[in-house]
Structures are given as structure tokens and as C-alpha cells.
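Please keep the sequence and the model in view while reading.

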Amino acid sequence: MRLAADRNGVMSFCYDISYPESCLLTEEEAMATRIGDRLRSARSKLVGRQSEIALFRAAIVADELPFLLLYVFGPGGVGKTTLMNAYVAVCAETDTPVIWLDARNIEATPDSFLNALRLTLQLAPTDNPIDVLSSSPERRVLLVDTYEAVEALDGWLRDQFLPTLPENMLVVLSGRRPPSAGWHMDIGWQTLMHTVSLRNLSPDDSRTYLQQRSIPDGQHQAVLDFTHGHPLALSLTAELFAQNGSISVEPEAAPNLVHILLERLVEQAPDAVHRAALETCALVHLTTEGLLAELLELPDGHALFSWLRGLSFIESEPHGIFPHDIVREALIADLRWRNPTRYADLHRRARAYYGRRLQETQGLEQQRVLFDYIFLHRDNPVVRSSFQWQGTTGAWTDTAQPADHPEILALIEQHEGAQSAKLAAHWLAHPAQKTLVFRGTSASGGAPTLAGFVMLIALHALRPEERVHDPALELALTYLDKSAPLRPGEAAVYFRFWMGSDTYHDVSPIQSLIIVNVIRHDLTSPGLAYTFFPCSNPDFWLPAFSYAEKRRLPEVDFDVDGRHYGVFGHDWRSLPPLAWLTTLAEKELSSGAPTEVSPVREAPLLVMSEEDFGAAVRDALRCYADPPALASNPLLRSRLVVEGVGAGESIQTKIAALRTVIKETIDALEPLPRQARCYRTLYHTYLRPAPTQEQAASLLDLPFSTYRRHLTEGISLVTHRLWQREIGGMQG
């Protein structure tokens, strides 16, 4: 199979502009070619990096590749992606097909990496991209940009993926950090790899860049003293001059140059709306036209979006645009300090947008929205000391395999003792457990290692006699029976064992990765009613878990092998996912960390048994045509209503929401042949009620006994459907 490529051999993960040489170009195709020519011409004006470009060019035109891996690294903003674009241009000039993968769009797992490669090559889901690459004798370039995003795959790429590629393929990895020790310690890769460390531009190259950007000659030396040739700082300075040519720069501001430049750039934005657009782009994970328009309350966000995308420090990916990391952090820090009220307002608008999108989406799209929602909490001062969100874990998430069990048990015995390992061995063989493992690379660069794991046990799936096998689970199930009994269809999960291989329960990148996966599970598991999470040092974790609305449960604490474990729990029926996210968002907006642990808030929802819920539904049906009579109905405090409108809404709003959900549920019966009779009966009894049930039966031309049978069946159908929504909530 021949690789899909454009006339210059360029393959793109985001788009395809393929124009085969043998095809007669249409007028539109000719225009696209001219635009492509102009793009190549603009990119050919890249300032500096001539030695790096010459090295790459010499390699791909040589009869035999002098090295098989080119590893480019440098700090953020130094111009790595710009250099990668230059490499693509060289490939176009030399008719060398190039495959570009942006690692920001790839999850750090082998399957995700191979699937991204498969999509880029436009292959069928069953095709093996490695086989396709190996099937052609022509030279190619595989370029992986933003490599730090998938550094967890470092060992897999080095030891398993790259060795399978044909020897006529040059691989370019571009990231922020230098090669790990595994590359240098491997005698094979020592001879097949070339590294390039990108630094700031030289004074001559910096002046050339400033001339191209029309910076006044009299300002050149001041700009050089101010930026020291840092490409991003040079670019930001040029943006300032483009917006206001009369500004000047001061060398004494150099220590905080990016922050100073951004402050001035915000000040020089065309107007307040453009400034707000810039701040919005910094606040959210990814910006789209629709999100921008909604958050700024504009009818159309196209013009602002185009302005943002034209800024030199704004980058793009398939789902939106985002600022460079340095720019984002500086903008947000400045906004929170300068105008906390506006920051809070933008944050609340973003939260409302994502909250609605969470209810409108399912599957992978819902997961993307959820990540964007969680991104709003990335810098909360309360939890900063308990997590290492920014640290590199060198690990990727996988499902435990039987081959992992001995190492998992050995780690449990090492950190918790032989009795805990015995309990874990029992659960590893039980169908109610699921274990996630986090695989990393060893210092020597060998096979992937087990960096940590978390074991989940579905309490609702256990038989009564199994509860006594483990003291932790027995106490948890006793607590549920007494204080928070599960209703039919509800689930409870115990995160029974979790640890980093080296750090156990201490704060670490692996511990943070475990917590992130726990949160993802909690927010996306249908019917989840209760979760339990044990800690070996509960006093240390109390502030963080209290902040996260996890209740300390001393009555569920347990001892194994002389070790004591404190347990935290959460009732997702009382504070369901959407309300939980809202609560944390309000905390994120508060200034400073609390001086003492705040108690977990009282539950805003009413958790009813299935029997009580059914009685409330029947009462709501009887009162449907009389809205004021619904004011005391318990369903107004149910998840069914509160998750749709919010706990703080007026009673009238909640009544309207309850009537809407009842009507929608009844209307859904009409198209179903076997249930249409129930719909008609419910319609004439409750939605548009006849004066009496006897008259409703007459209107339907039914014997009264048949009418009553249809009504009973209809009420049962509606109650069942509403109950499923109540226990499942928004999750999907």
C-alpha cells in the first residue's frame, strides 16, 4: 500500500491537501497550490537555525542515513515547532514524504500512538501501520512534535516501536527535555542517534528577525538586552510593536520579560473585548469560536477567534486553539491579581458552558468536555501541596494482566505486609475487581516497569458471605447497610489497594496519576452511589479530601498486620458529579488556602428509596395539572430535577423542570406500538386530564377495568424510566 501524501510528500494529522502530479489541476486546485507556494516562501524566511536545517537536509539526501534518530530538545518557546516546520519544508523541496504527529493529540499509550499513526496514514482500522511503513523502499521522515506529552512511552518507543521501522526512515523527536538515560546507555542507539539542543538565537539572527518584523533599528539593542534572543520573547515584542510602534523596552525588566511583555500586550489589545478574548483563551483548555462567543456573550466569535489565531504565541490542535504554556500562566496570574472579579466571572461562565456540554454529550466527546472542565481547577492553592500535577510521571495507564499479579502482590507485601498481600491475592482472582496499572520505564531503559496501581472492588457485586473475607470491605458494607443503603441498580466501589511502587501513599507523580484516574472513574460510572478510599496516613490527607467533599469515616477504619488505615467516603447520590464539580469550582475561586479543615457540606439532594421515589412520582402525576400543588413534592430535591437546574434555583424553576421531565417521559411512550395505549391513557388522565377517570375511559372508548389496567401499566413504565434517570444521573 502506498502512503497517502500531498505533492510534496507531506502528511498531516489535521488535514490533507493532496494534489497528485498526474492530475490536471482545476482552478480551485491551482489556487490552493499558489497558497501552498506562499506558505513555503514564508517559511523559507525562518531566521537562524541554519546549522540544524543543514544537518537535517544532509541526512535525508545522503545515500545512507548517517543516523536514524534526530532528537531535538529545548525549553518552551525556544522555537522547536518552528524548526519542525522548517524540516517539513526541506522534505517538500527534496520530495521526501514526511509524517507529522503532534503528541498533544495522543494519549500516552502504545495503542493510542499506533492509532494516531494509522489515522495520519489514512489506513483502515485493521491495518498495521508498521507493516505499511515497511512495505515501501522509499525514504521517509517520521516527525513527533511535543514529545514531552508522551514521554511515558519513552521505553516502548525505544525498545519496541522504533526497532520495527525500516532503516530508510529518519525519526525526529522534538521535546522540552533531553534524551533519558535509556538512550545514552544503549550502545546501539549511541551510534544511531544525533541530538540537537536548541538555544536562544544569536545576536545577529535576532537582529535579522527584528528587521523582518519591522522593529525600528534604534530599538534593536534594547530588545536584545531585554529578550537575550529568546524566540518567544522576540515574537511577543514584535507583537507589541505591531500594535503600537511608539512603545519602548527597558533592559532592567529582563528578569520577568515574558510576564512584562504579556502585561503590555494585554494593555495594547485593540479594545476590552479583544483583551477579554485573550484572557478567556488563557483560562480554558482549548478555545473554539462557539466557546468564545458564549463566554463573552457575543452573537459571533469568528472575528475574535481569527485575531487570536493570528497571534504568534497561539497554537492550534484539532479541537481548538491555546496559548503557549508560558503565556497562559502569565496571563492567568496577571488577571487573578489585577481583576479577580473578572477572573471569577469568566470562570463561572466557563463552568456553566462545560456543565451544559457534559449533559449534552456522551462517550469520548463527554470525556473531552470533562477534561476541559477539570482543567479549570488546575491551580487551586488548597490542593497544590497534595498533588504533583505538573510533574512528569514517566508512566502510562493500562489494565492489569495476569502477568502483573506477582509484582502487584510483592509490592503490597513490601508496603503493607503479608496479610494484606493474601487479601489482595483473593481479590485479584475475583470477578468483582478491576485493577489499573501505571507502567513506566526503568533507569536502564529496559522493559516497562510497574510504577504503581489501583485496585477497584465492586461492593454491590459481592455475595453476602464474601463480605467477611476482608475487614475493610466488611466494615464498608456494614456502613452502607446502616447509613447509606444501596437502592436497586446502584453501585458502590472500594478502591481497596493503591500505591506508587517506590513512594506508596506519599505525594508523588504516581499518586497524582492514581487520584486523577479515580476521579475519572467517579465522574463517568453510571449508577455510582458510593465510593470508599483508604489511606495509611489519614491525618495528612484530611485537608485535601475534605476540600474534595470526601467525608472522613472513622467507623469504617480498619487494621491489617498491625497497620491502621483511615477511610474517606462519598455519597454520589447526595452530591452527584455535576454538583460536585460546581462545589469545587466555587472553592477554586476563593482566595487563599483555608487555615483549618472545613467540614464536608450537607447534602443538597434527597436520597430516596425506590419505594419512596415511586410514591413521589405517583403524587407528581396526580398534581401535574396543578403546578402549585407540586411545591412540596420530594422529587424537587431529587437528582432528577436538581442536576438539570441546580440546587439554588427557585421553587418555580424546579416545578417547571419536574413537569418537563414528566411530560418528556410520557411522550416517549407514544411512538412505541406496545406502549402507545399507555401513553393515551396517561395523556387523558394527567397531561390533559378529563374531569374524572370514568370520563377519561369513555373518551378512550375503553371499559373502565381496561382503562385502569392501562393506567397502572403506564404509571409503572414512567416510574421505572424516571428511576433509571435518578440512579444514573448525568453520567453516560
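A residue is called buried when its relative accessible area is under 20%, and exposed when that area is over 50%. The model discussed here is predicted.

1. Helix H9 covers residues 203–212, and its buried residues are Ser206, Tyr209 and Leu210. These residues lie on the same side of H9, because they cover an arc of only 100° around the axis. Asp204 and Gln211 are exposed, and they sit on the face of H9 turned away from its buried side.

2. An α-helix has 3.6 residues a turn, so residues three or four places apart point the same way.

3. After H9 comes Ser214, which has a positive phi near 60°.

4. Helix H15 spans residues 302–309, with Leu304, Phe305, Trp307 and Leu308 buried. Their arc around the axis is only 160°, so they are placed on the same side of H15.

5. How do helix H19 (residues 405–416) and helix H20 (residues 418–428) pack, and at what angle? The angle is about 150°, and the axes are 7 Å apart. Angles over 145 degrees count as roughly antiparallel, and H19 and H20 are therefore roughly antiparallel to each other. The crossing of H19 past H20 is right-handed.

6. On the H19 side of this contact are His405, Ile408, Leu409, Ile412, Glu413 and Glu416, while H20 contributes Ala418, Ser420, Ala421, Ala424, Ala425 and Leu428. Sorted by class, the contact of H19 with H20 contains 8 nonpolar, 2 polar and 2 charged residues.

Key
Residues are numbered from 1 along each chain as its sequence is written. This is a predicted model: local features need pLDDT of at least 70, side-chain atom pairs count only at pLDDT 80 or more; totals for chains, interfaces and linings use all residues. Side-chain values use heavy atoms; hydrogens and water are left out. Axes are lines fitted to C-alpha atoms, for helices over the stretch in contact, and angles run from 0 to 180 degrees between N-to-C directions. Helices (H or I, at least four residues) and strands (E, at least two) are DSSP runs, numbered from the N terminus. Angles under 35 degrees count as roughly parallel, over 145 as roughly antiparallel, 65 to 115 as roughly perpendicular and the rest as oblique. A crossing is left-handed if the near helix is turned anticlockwise from the far one by less than a right angle, and right-handed if clockwise. Contact means heavy atoms within 4.5 Å. Ala, Val, Leu, Ile, Met, Phe, Trp, Tyr, Cys and Pro count as nonpolar, Asp, Glu, Lys and Arg as charged, and the others, Gly among them, as polar. Buried means under 20% relative accessible area, exposed over 50%, partly exposed in between (1.4 Å probe, protein chains only). The arc is that of the directions from the helix axis to the C-beta atoms.
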